[in-house]
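Thanks for coming, everyone. I would like to walk through one model today, so please have the sequence and the structure open as I go.

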Amino acid sequence: MAAARLAPYAADESQSRGRRYDEPSSLYRGEYQRDRDRIIHSTAFRRLVYKTQVFVNHEGDLYRTRLTHSLEVSQIARSIAVALDLNEPLIEAICLAHDLGHTPFGHAGQDTLNECMRDYGGFEHNLQSLRVVDELEAKYADFPGLNLMFETREGILKHCSVKNARELGDVGERFLQRKQPGLEAQIANIADAIAYNNHDVDDGFRAGLLSLDQLREQPLFGTQLLEVQRLYPDLEDRRLIYEIIRRMIGTVVTDLIEETRQRIDDAGPASIDAVRDIGKPLVSMSDRIYEQHVSLKRFLNQHLYRHEQKLEMTRTAQVMIKDLFVAYAADAQRMPREFADAAARLDETGRARVVADYIAGMTDRYAIAAHETIAG
Ligand code: MG
């Protein structure tokens, strides 16, 4: 299948490391397009709409969910990929799948599930995203999971411990050999951070948890605020914020494209394997913009993610996830049949993993309802 113009260092399906299970190719779609389409049709993808990004679904209809977050990540990453002649369908597939392994209630849910799983190998949402596409989605007659291309799986697995890398085989190798993933994967990773930095400013402001006075101290925000106020002195706050955010995204994305293009020119990789062999990522912002980006990230961490109102949600989530885990670990029959059956065939560690898979797959509201059931 002919792709758009690709740079020599882009992922190219004709040189792919392929799928875990061989399949005939599609008549009218490229292999990475098929990956993207399989992800969109997956159960885990549909559930993202009811999973917390920062705000729990019932806190309001206008906040980002994991689904809209994933779409924004994909939009940003695709723009960068096209500008650098990289593989757009591949990057879209990676971005749409990157958060499939998230638990209900965001990071609070993941941290609690990880604690519950401490004696059984832990729980990590990024590794779980790979597990969802490799094992848990049960849709195809010929193989478990979605049977995605190597490069898509490589992009989904952003980080990994040495111990897990050994167990993962091909896709874990780079963590043992200290190599990099392809450029599409590198961009997807950074587009995630660009997306949440910006949409969390928007959501945080709308929720009344962040103020203009706080935000203006942030160089990324402050610079654009001055500019927009100069051009549109009478703009009301809602439009002011949007106008600033679109400019912040534009600034960071443009900087990233230009800095990365420079680094690619300097390193001159002739193929995706040459990209992988370079010891550090080629995808990067300039030092100046990166500092501003990190400063905003730290600010959000301190003032939004740890806001008293958020911490309350965190504590509730901790109690719910823990109660669910304890209840299902004690009596696997309380889970739906496919999970109960799977658990019945396994030892204690295996059973704990089935329970974690079940809980991780829940949406926020499903978890709340399940908790009401077990709490009687
Ligand atoms: Mg994300």
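**Cysteines, the metal site and the rings**

Let me begin with Cys95, which is buried, at a relative accessible area of 0%. Please keep in mind that this is a predicted model. The structure holds zero disulfides, and for Cys95 the nearest cysteine sulfur, that of Cys160, is 20 Å away. Cys116 also counts as buried, with a relative accessibility of 15%.

Turning to the metal, the protein donors of the magnesium ion are His69 and His98, each through NE2, together with Asp99 and Asp192, each through OD, and they lie 2.1 to 2.6 Å from the ion. Since His69 lies in helix H3 and His98 in the loop between helix H4 and helix H5, the pair ties together parts that are 29 residues apart in sequence. Both of these histidines, His69 and His98, are buried.

Now to the aromatic rings, where the count comes to five pairs. One of them is Tyr21 with Phe143, a stacked pair at 6.3 Å centre to centre and 15° between the planes. This pair links distant parts of the chain, with Tyr21 in the segment before helix H1 and Phe143 in the loop between helix H6 and helix H7, 122 residues apart. Tyr21 is partly exposed at 34% relative accessible area, whereas Phe143 counts as buried at 8%.

Elsewhere, ring pairs link Tyr328, Phe339, Tyr358 and Tyr366 into a cluster.

Finally, two arginines sit over rings: Arg38 lies over the face of Tyr140, 5.0 Å from the ring centre, and the charged end of Arg365 is placed over the ring of Tyr50, 3.8 Å from its centre.

Technical notes: Residues are numbered from 1 along each chain as its sequence is written. This is a predicted model: local features need pLDDT of at least 70, side-chain atom pairs count only at pLDDT 80 or more; totals for chains, interfaces and linings use all residues. Side-chain values use heavy atoms; hydrogens and water are left out. Donors are N, O and S atoms within 2.8 Å of the metal (3.2 Å for Na, K and Ca); water is not among the atoms, so sites may look incomplete. Helices (H or I, at least four residues) and strands (E, at least two) are DSSP runs, numbered from the N terminus. Buried means under 20% relative accessible area, exposed over 50%, partly exposed in between (1.4 Å probe, protein chains only). A disulfide is a pair of cysteine sulfur atoms within 2.5 Å. Rings of Phe, Tyr and Trp (its six-membered ring) pair if their centres lie within 6.5 Å; planes under 30 degrees apart count as stacked, over 60 as edge-to-face and the rest as tilted. A charge sits over a ring if NZ of Lys or CZ of Arg is within 6 Å of the ring centre and within 35 degrees of the ring normal.
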